[in-house]
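Subject: Structure handover

Hello,

Here is the structure I said I would pass on. My notes on it follow below.

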Amino acid sequence: MLVYGQVLAGMKPGDKPVEGPKNNPMMPLIWVRNHTGESGKTSRIICSTIGAAVDLESEGLRRLYVNAIYWGLGMEDKILPKANVDYVGEYHPAFFGFGKFRRGLKPSDFELK
């Protein structure tokens, strides 16, 4: 396991973890493994159960994903503690929840300009 996560009392990063069975045991959020296929080639795999649009407002989470990609490609020498993970273009995610769906949007609506 690489990263475990706690259920928080609210939806903000600074909210306190809830007490009791919801955090015992804590759930894995990100983990890695190596997998050797039938051809004998070993692949690096990273899996994540986090990453909603609003989660990507976190510079730390963006850096984790960028570094995970470098790791998966065997490019650990490119992993930097403070690599630039700024947005390319504007990024204004909508918070998830009931009644938040925006109809009529197409992938082209999110094209970098």
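How do the residues of the lining of the second largest pocket divide into nonpolar, polar and charged? Before the answer, please note that this is a predicted model. The lining of that pocket has 13 nonpolar, two polar and six charged residues.

The second largest pocket has a volume of about 530 Å³. Its lining is made up of 21 residues. Those nearest the centre of this pocket are Tyr91, His92, Pro93, Arg102 and Phe110.

Next, the largest pocket. It holds about 830 Å³ of space. There are 27 lining residues, and Gln6, Leu8, Met11, Ile50 and Asp55 are the closest to the centre. By class, 16 of the lining residues are nonpolar, seven are polar and four are charged.

Strand S2 also takes part in a hairpin with S3. The two strands pair in the antiparallel sense, over seven bridges. One of the residues involved is Trp31, whose bridge partner in S3 is Cys47. Five residues lie between the strands of the hairpin, and Gly40 has a positive phi there, near 95°. As a general point for reading the strands, side chains in a regular strand alternate between the two faces of the sheet.

The other residue I looked at is Arg44, which lies in strand S3 (residues 42-48).

Leaving aside neighbours within four places in sequence, Arg44 is in contact with Arg33, Asn34, Trp71, Gly72, Gly74 and Glu76. Two of these partners are also reached by polar contacts of the Arg44 side chain. With Glu76 the polar contact is between side chains, at 2.4 Å. With Trp71 the side chain of Arg44 reaches the backbone oxygen, at 2.6 Å.

For a distance to check in your viewer, take Arg44 and Lys78, which are 34 residues apart along the chain. Their C-alpha atoms are separated by 16 Å.

Regards

Key:
Residues numbered from 1 in each chain as written. Predicted model: local features only at pLDDT ≥ 70, side-chain atom pairs only at ≥ 80, totals over all residues. Heavy atoms only, no water. 1 Å grid on protein atoms, 1.4 Å probe; cavity = no way out; pocket = protein on both sides within 12 Å on 5 of 7 lines; lining within 4 Å. Points joined across faces, edges and corners; volume = space filled by probe spheres on them. Nonpolar A, V, L, I, M, F, W, Y, C, P; charged D, E, K, R; others polar. Helix = DSSP H or I, 4+ residues; strand = E, 2+ residues; numbered from the N terminus. Contact = heavy atoms within 4.5 Å. Polar contact = N/O pair within 3.5 Å; in protein donor to acceptor, adjacent residues only side chain to side chain. Pairing = 2+ DSSP bridges.
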